[in-house]
Amino acid sequence: MGDENKAKEVMAYLAPSNTSVFDHLSEVLTNVAISNPENPVESFHKISREVLENSLRWTDEPAPVKQDLSKQVECQNLFRVQKAEADPTTSISMTSKVGTDTYIPDIMAETEMLNWTGISVGGVNATRIMLSIRQLATAHPEFKSVRFFGKILGKQADYYICEAEVTECDEAPPKGLIPKHPEKRNFEKAQQHNRFKYYVCHSPGAPWTALPNLRYYQLLAVPNIKRLFTGNLTAPMATFPPFPGETEAEYLRAKIAHIGERTVMSPSGFFTELPADPEAKRKYHSIAPSPEWAPPEDLSGYAAEVWPASTWTRHYPQVPDADEFGEDFVPDETGKWPDIDPEGWPLRPLSDEEDAPLWIARQCSHQLKAKAPVCLISRQYPGAVVVLQGKKFVNFYIGFGNQENEKMYTPTFQENLVMPPVCSDVIYKVHREPTIERDADGNITATIPPEVKPRYPLEGWLHFNDEQADLRDKMYVEWEELKKKEAEEKAAAEAAAAEAAAAEAANAEGA
């Protein structure tokens, strides 16, 4: 019986493999002859098992290890050159215009300038960003200029931001509304900001995603919100105060506009204002580089210890003021409404009192101060820098997108908080069965209604401000008692001094 079980076990081991019984026994006997065990009959099963385990083979091939090579493929596509199309009749390649009229700054040179400040995205990433921005500019020839705005850090992924300037907004204003309608003004007051189109991606070489256009109400709400970005453009926005937008893409667009309005600067005189002129085909106010500007020979004045803030100017569109329509803003007899001037694009010089404390100005070298680069580091938005070297300057931002607030907020005690009266009788009604009295025969003799107590004590009700007074801190109560005691001692001392003075006056009159 034992031999039969051993034979079944051997056949069970042989079943998964493709080894025949004859080959297996031949290999076992060969192993017995070579090893020459003391008791081969008893160790036959052990030797057979060892031979079988050494000859096992996997019947299923293991699955190949999956690797995410999407980033490598995206970077590889950056270095591909657009091939010229061939003439179908002659098979001769036709010359194709790969370049574009869009102005693209030298990002590698800007990266070298940023290295003086200690902030950079790295040489390899700068090359990828430069090639990616060139591809974006080639795909959109309507752009006037394209530059790398910076990088905003997120919890799940980061945002690489590209700024493209267009001639006018690519979105039509709402129709069928009066000129002072809130929805129409919400669109028109952000037109200067919407002349900048922003694209974001999660890694250099990844496809660019266009952010939605900005609205005026979003621009007003974003300074009061502090929130970390998730890295997902479709993430819902749930903030306090509420943000007038649904997704993180809208919040990101508003945050970029707020950061640019506070940190994008240029040397004074570099730009000049161009007012709106229909004859010159300029519908809106704009700015342009001034041909008369020349860099100073000595740059040390831009980063002196007490540096004049007026040497720098903010040239990013500002936040427009709220509308104030008077009573006379009504249509005339023909039904035509008065014209509303388009939003301006003023250049705003920095002030020494308000803006100078928000920036740190220094020179990047102490050996040749006249020619050394000058950098400004923002205290309001950590990670925002401005670098000036000769005729070139660059604005860059890298950070979490939140404003730095050095002041600590401490809630103050409110004296006039009173809890409003609460009554739930209208909302909730509790039904209670009445008490029924019966006689000996079971007949109902009396029905006593239930006694319903008031929902809360009407007399001696403790309001919220009284409860808050009872829950005051012990030290605050002790300080009040000490102050009261000092006031009583002071009053007693004044009374005693008055009595002594009156006694002296009485004695003097008696003498």
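F149 is buried, and Y198 is buried too. The two rings form an edge-to-face aromatic pair, 5.9 Å centre to centre, with 90 degrees between the planes. This is a predicted model.

**Aromatic pairs**

- The count comes to 15 aromatic pairs.
- One of them joins F148 and F396, with ring centres 5.8 Å apart.
- Their planes stand at 45 degrees, so this pair is tilted.
- F148 belongs to strand β1 and F396 to strand β13, so the pair ties together parts that are 248 residues apart in sequence.
- F148 has 5% relative accessibility; buried means under 20%, so F148 counts as buried.
- F396 is likewise buried, with a relative accessible area of 5%.
- The pair of F149 and Y198 also links distant parts of the chain.
- F149 sits in strand β1 and Y198 in strand β3 (residues 196–201), 49 residues apart.
- Elsewhere, ring pairs connect Y159, F229, F243 and Y251 into a cluster.

**The largest pocket**

- The largest pocket has a volume of about 830 Å³.
- Its lining is made of 28 residues.
- Y103, R147, F270, F271 and F393 lie nearest the pocket's centre.
- Elements giving two or more residues to the lining are α5 (107–115), β1 (145–152), β2 (159–165), β7 (286–289) and β13 (392–399).
- Strand β13 gives the most, with 4 residues.
- By type, the lining residues divide into 17 nonpolar, 3 polar and 8 charged.

**Helix α5**

- Helix α5 is one of the elements that line the largest pocket.
- The buried residues of α5 are I107, A109, E110, T111, M113 and L114.
- Among the elements covering these buried residues are α6 (123–139), β1, β12 (384–389) and β13.
- At the start of α5, a side-chain oxygen of D106 comes to within 3.3 Å of the backbone nitrogen of M108.

**Residue K144**

- K144 is in the loop between α6 and β1.
- Leaving out residues up to four places away in sequence, K144 touches T102, Y103, E165, V166 and T167.
- One of these, Y103, is also among the residues nearest the centre of the largest pocket.
- K144 and I104 are 40 residues apart along the chain, and their C-alpha atoms are separated by 9.1 Å.

Methods. Residues are numbered from 1 along each chain as its sequence is written. This is a predicted model: local features need pLDDT of at least 70, side-chain atom pairs count only at pLDDT 80 or more; totals for chains, interfaces and linings use all residues. Side-chain values use heavy atoms; hydrogens and water are left out. On a 1 Å grid over the protein atoms alone, a cavity is a set of points where a 1.4 Å probe fits but cannot get out, and a pocket is an open set with protein on both sides within 12 Å along at least five of seven lines; lining residues have an atom within 4 Å of a point. Grid points are joined across faces, edges and corners, and a volume is the space filled by probe spheres set on the points. Ala, Val, Leu, Ile, Met, Phe, Trp, Tyr, Cys and Pro count as nonpolar, Asp, Glu, Lys and Arg as charged, and the others, Gly among them, as polar. Buried means under 20% relative accessible area, exposed over 50%, partly exposed in between (1.4 Å probe, protein chains only). Contact means heavy atoms within 4.5 Å. A polar contact is a pair of N or O atoms within 3.5 Å; within protein, one must be able to donate a hydrogen and the other to accept it, and residues adjacent in sequence count only if both atoms are side-chain atoms. Rings of Phe, Tyr and Trp (its six-membered ring) pair if their centres lie within 6.5 Å; planes under 30 degrees apart count as stacked, over 60 as edge-to-face and the rest as tilted.
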